[in-house]
Amino acid sequence: MSDETTSLLQALIRNAAVNHGTPDSGNEILNVRTLEAYFGEALESPRVTTDVVEPHPGRASLIVRVAGRDASARSILLLGHIDVVPVEKAGWMHGPFSGEIVDGEVWGRGAVDMLTLTAAMAVITKRAIESEQPPLGDLIFAAVADEEAGGDFGTGWIVEHHPELLRADDVLTEQGGVLLDPSRADSGITIGIGEKGRAPRRIHVTGVPAHAAVPWGSRSAAEAASEIVLALLRNPAPPMVLPYWPEFVSALHLDSDTAEALVDPERLDAVLPELGSLAGLGHALTHMTVSPNVVRAGEKLNVIPGEATVDLDIRVLPGQTEADVDAWLRQVLEPWQDVIRISGSEFTPGNTSPTGTELYNRILEVFARHYPDAIPAVGIGPGGSDGRFLRALGANVYGFGLISKRLPLVEFRNRLHAHNERIDLESIDLTTRALAEVVLGDAGHAR
Ligand SMILES: [Zn+2]
């Protein structure tokens with residue numbers, strides 16, 4: 001079974017479905033064709049309905065629905081994206097679209113994010129179709145385009161135009177099953193229950209244009225923009241402790257003083273650096289973050305700029321609102337209030353699924369078979385994923401996977417969107433087996 005996942009993964013990597021964020025990039029149709037060929041005659045089964053949607057030429061998604069034997073049983077959707085982010089080839093030791101196996105690792109863009117899990121989902125779905133006994137509830141496999149650019153040609157489009165295709169009670173998608181510290185048997189193991197939201201904003205700064213040969217006393221928009229960037233970077237928003245955070249902290253096995261301080265909003269920021277390589281993640285999971293990333297001012301060398309813009313990538317925690325974003329920006333940018341205007345109204349709320357559901361418990365049971373002493377490190381994704389669209393439809397969505405001890409969380413996260421993305425064969429095997437155990441149950445047929 002895992003060999004099938006490996007060769008399918010290699011084929012998906014080689015198709016190089018690179019999403020540059022432009023409508024004509026991605027070309028996910030190649031991966032849809034590869035998956036259709038992999039399923040082959042299984043798609044002819046009377047229990048199976050297959051849909052391919054293609055809202056823009058080449059931007060295809062494949063949805064395979066296997067009818068369950070009990071219409072009242074919970075349905076489960078396996079949601080895998082088939083696009084990948086671009087590469088800078090010069091930084092790679094082996095071809096980024098080679099799918100080559102070197103020292104027990106499959107190399108290539110998408111190996112970690114998230115073609116391995118997508119391939120495993122296809123393998124498990126094919127198993128369920130070929131099994132003599134149909135799954136208990138409906139099993140849906142969706143290989144979707146455009147996750148890496150917001151889902152406008154993938155899950156977002158499908159949910160808007162054909163939500164029935166993806167409707168399910170439970171959903172498994174990327175980012176879970178990674179050990180925090182593989183050197184200890186009782187390491188935390190990640191399970192994703194949600195993700196942060198987004199509120200991109202633009203600050204427009206007004207100055208007074210003047211001749212650059214006489215800069216003394218000028219009111220350059222570039223100067224104000226620079227001060228604004230520094231103010232935003234040097235004044236992080238105050239921490240907020242949400243229910244998942246103490247659970248995540250307890251999975252870190254810190255000394256009790258540090259652990260207590262980390263869940264106390266008054267002391268959290270001061271002890272965050274003690275998390276070392278996980279401090280950045282810890283910060284993101286406990287703060288609204290404001291990252292001023294695109295700064296523009298000036299058109300011509302001899303003109304002091306009268307206008308500047310600063311684009312902010314703002315990520316909000318579950319529960320935080322647009323009003324919270326506005327209030328925070330007002331507070332930090334108060335000294336410049338007479339020279340700025342803020343535009344942008346896009347807002348995607350942070351979102352979570354409950355812990356303790358039947359699927360959640362089943363995932364933990366399966367983790368425990370492979371890592372008996374590991375404890376759940378419950379967390380949310382600092383970035384966005386397609387999971388938010390399904391949570392908005394009312395499904396319980398969890399980040400899943402099962403990764404070997406060779407790839408601890410810090411290293412796993414370092415490989416996302418980075419040079420030399422690759423995954424070891426043991427992680428492919430673990431992910432495939434664990435997914436089979438969660439979805440198909442012990443008997444090998446769908447539960
Ligand atoms: Zn991904």
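Domain bounds come from an automatic or database domain assignment. The model is predicted: local features need pLDDT of at least 70, side-chain atom pairs count only at pLDDT 80 or more, and totals for chains, interfaces and linings use all residues. Residues are numbered from 1 along each chain as its sequence is written, and side-chain values use heavy atoms, with hydrogens and water left out.

**View 1. The largest pocket lies between domain 1 and domain 2.** Domain 1 (2-194 + 350-439) and domain 2 (197-237 + 288-343) both contribute residues to the lining, so the pocket sits between them. Its space is about 840 Å³. The lining has 47 residues, and those closest to the pocket centre are Gln175, Gly381, Gly383, Gly384 and Ser385. A pocket is an open set of points on a 1 Å grid over the protein atoms alone, with protein on both sides within 12 Å along at least five of seven lines; lining residues have an atom within 4 Å of a point. Grid points are joined across faces, edges and corners, and a volume is the space filled by probe spheres set on the points. Strand 9 (residues 188-195) gives the largest share of the lining, 6 residues. Strands (E, at least two residues) and helices (H or I, at least four) are DSSP runs, numbered from the N terminus. By type, the lining holds 16 nonpolar, 17 polar and 14 charged residues. Ala, Val, Leu, Ile, Met, Phe, Trp, Tyr, Cys and Pro count as nonpolar; Asp, Glu, Lys and Arg count as charged; the others, Gly among them, are polar.

**View 2. His81, Asp113 and Glu174 supply the protein donors of the zinc ion.** Donors are N, O and S atoms within 2.8 Å of the metal (3.2 Å for Na, K and Ca); water is not among the atoms, so sites may look incomplete. The 4 donor atoms subtend angles of 54 to 148°, so the arrangement is irregular. Four donors count as tetrahedral if all angles lie between 85 and 135 degrees; four count as square planar and six as octahedral if opposite donors are over 155 degrees apart and all others between 65 and 115; anything else is irregular. Along the sequence the donor residues follow H-x31-D-x60-E. Asp113 is in helix 3 (residues 111-130) and Glu174 in the loop between strand 7 (170-173) and strand 8 (176-179), so this pair ties together parts 61 residues apart in sequence. Both Asp113 and Glu174 are buried. Buried means under 20% relative accessible area, exposed over 50%, partly exposed in between (1.4 Å probe, protein chains only).

**View 3. A cis peptide bond joins Asp113 and Met114.** Omega is about -20°. Met114 belongs to helix 3. Most peptide bonds are trans.

**View 4. The largest cavity is lined by 16 residues.** A cavity is a set of points where a 1.4 Å probe fits but cannot get out. Its space is about 140 Å³. Val112, Leu117, Phe400, Ile403 and Phe412 lie nearest the centre. Helix 3 gives the most to the lining, with 6 residues. Ile403 is in the loop between strand 19 (396-399) and helix 14 (409-415). Ile403 is buried, at 4% relative accessibility.

**View 5. Asp103 has a positive phi, near 50°.** Asp103 sits in the loop between strand 4 (101-102) and strand 5 (105-107). Asp103 is exposed, at 67% relative accessible area.
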